[in-house]
Amino acid sequence: MTESLLGKVALITGAGRREGLGHAIALELARRGADVAVTDLVQSRDRFPETAIGSRDELDASAEEIRELGRRALALSLDVTSAEDVERGVESVVSELGRVDILVNNAGVGYLMALATEMSEEDWDTTLAVNLKGPFLCSKAVGRRLIAQGDGGRIVNIASQAAKSAIARAAGYCSSKHGLIGLTRVLAIELGPHGITVNAVCPNHVTTGLGAWQNQYFSASRLQEQDDYLDRMRDRIPLGRLCTQQDVANAVCWLAGPEAAFVNGDALNVTGGEEMH
Amino acid sequence: MLFENKVVVITGAARGQGRSHALGFAKEGADVVLSDICHDFEGPNYEMGTQAQLDEVVEQIQGMGRRAIGLQVDVRSESEMEVFISRAASEFGRIDVMVNNAGFLQMGAAHELTESQWDASIDTMLKGVYFGSRYAALQMKEQGDGGVICSTSSGGGFKGFGYIAHYVAAKHGVIGLTRALAVELAPFNIRVNAICPGHVATDMLSGAAPDAGLTAEELEAHLKRTILLPAPTLLSPSDITAAYLWICSEGARYVTGTQIVVDQGFLQKSNTN
């Protein structure tokens, strides 16, 4: 692995939980040479599964792991739905790490699932706020900084297969992730002239970490045993195995690196061939 | 007639596309329940439809021998939408078709948009569509004999365009919502689709032109250059109504979870020119 991101500073949201996508992406960014600011909400919210939010200790441990790789790291508690938090976070990254080159909008809500006819307004609002407004606020703050720096940059949004196709009990989630692709495309147009690329990755279901909650929820809602549910999922994927955090981290780091310089406004499927459009 | 004895609910119907849909469904025999916000609010930089305009549409439809009511409703409010849908059902007995049409356009670079501008667009054109769909679906499930939900997305539901990040995010979101609802509601024979208009000559386009530093005429001239067909004008609301009337009719009984693009070839041309 070449250190293709050497000298770059990356900011990734939702990177607290040890088994989460954000953690895997943060470490891969560091392995490829980037200094990394990791953020998380840190404190839990009502109605979230216990394992949903990274703790302060987990976030600090992630920063420590990045330092052990020989990179600089910064751990920030930050609520992506708060414009004020986001502004302050970006300022901290710039003052502590000197600049920012890469934003990974990873923080997301992958629970609060319900049939659309049963979903509460509160759950809809939370899902849309974290998954869609959060990336808008972070992209706005980092985008301004990147424009001011004047030498380009990268924004990578973690969307989902649910940004391309629908699943039941996920009206808020599908709406937010489809919307995130829309935002990605507009930002790609608006920020392109500044040498900033904006792309999304669309993984299918990662079954570890918080995915374990989804395995349980969706298998139960389909009256399937969990093993049966996962077997069926495997059967739908031409490569015959489930998506891992590392698969997603590799795609994100490629989009964040120099080799993807001419990839812009794309929504890259990372699904082993399950999603093809 | 395609919608004899059917009850059709339409949001944003005081003028523009919503008005055209209301008249179109009524001509095909439907009774209609209409809404509009009927006041200005923070977000759009042009005037919204008025109660007088809404009343005029209602009177015109009543003059055609159909039943019609027009209510002031803010689609962003769950409680107002719940009351709106329940009034539709209680006054006219049932709901057969839900048309989520209400929307507006305001332009600005993504990194300059304020949080309240973002919220106004997402809440009106995505959350409002969710509320309309949700309460219509509950009513249709209770009726037990199917139904149709159709929402207005946009060419911006498929592609990105500069200076309308919130609009595009909302319209992409409508397509996601449409797909999710189609999956969930299919067992109840409730079909869910979206119509994706290109540039329709309404107060929305002319009203938003100044946001781009253009007059309405300049914007129209610019937009005319973006379409494939040698059309003398931009789309008329009736062009969009035609798609609505088909996709909500029995002829489209096996059409769900999809979108019809009515755009004079705009999306294709934007890929090639």
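## Strand β5 of chain A

In this predicted model, A:G153, A:I155 and A:N157 point one way from β5(A). A:R154, A:V156 and A:I158 point the other way. In a regular strand the side chains alternate between the two faces of the sheet. Residues on both sides of β5(A) are buried. The count is 6 of 6 for this strand, residues 153-158, so β5(A) is largely enclosed by the rest of the structure.

## Partners of β5

β5(A) pairs with strand β4 (residues 102-105) of chain A in the parallel sense, over 4 bridges. A:N105 stands opposite A:N157. The chain gets from β4(A) to β5(A) through α4(A), in a right-handed β-α-β crossover.

β5(A) also runs parallel to strand β6 (residues 196-203) of chain A, with 6 bridges between them. Here A:G153 stands opposite A:I196. The path from β5(A) to β6(A) goes through α5(A), and this β-α-β crossover is right-handed.

## The contact between chains A and B

37 residues of chain A are in contact with 36 residues of chain B. On the chain A side, α4 (121-149) and α5 (171-191) each give two or more residues. The largest share, 16 residues, comes from α5(A). By type, the chain A side holds 20 nonpolar, 10 polar and 7 charged residues.

## A:V186 in helix α5

A:V186 lies in helix α5 of chain A. Is A:V186 buried or exposed? A:V186 counts as buried because it has 29 C-beta neighbours inside 10 Å, and the cut-off is 20 or more.

Beyond its neighbours within four places in sequence, A:V186 is in contact with B:A110, B:G160, B:F161, B:G162, B:I164, B:A165 and B:V168. Within chain A, A:V186 and A:V198 are 12 residues apart in sequence and 8.9 Å apart in space, C-alpha to C-alpha.

Key. Residues are numbered from 1 along each chain as its sequence is written. Chains are lettered from A and ligands numbered from 1 in the order in which they are written. This is a predicted model: local features need pLDDT of at least 70, side-chain atom pairs count only at pLDDT 80 or more; totals for chains, interfaces and linings use all residues. Two residues are in contact if their C-beta atoms, placed from the backbone, lie within 7 Å. Ala, Val, Leu, Ile, Met, Phe, Trp, Tyr, Cys and Pro count as nonpolar, Asp, Glu, Lys and Arg as charged, and the others, Gly among them, as polar. A residue is buried if 20 or more other C-beta atoms lie within 10 Å of its own, exposed if 12 or fewer, and partly exposed in between; C-beta atoms are placed from the backbone. Two strands pair if DSSP finds at least two bridges between them. A crossover is right-handed if, with the strands pointing away from the viewer, the path from the first strand over the helix to the second runs clockwise.
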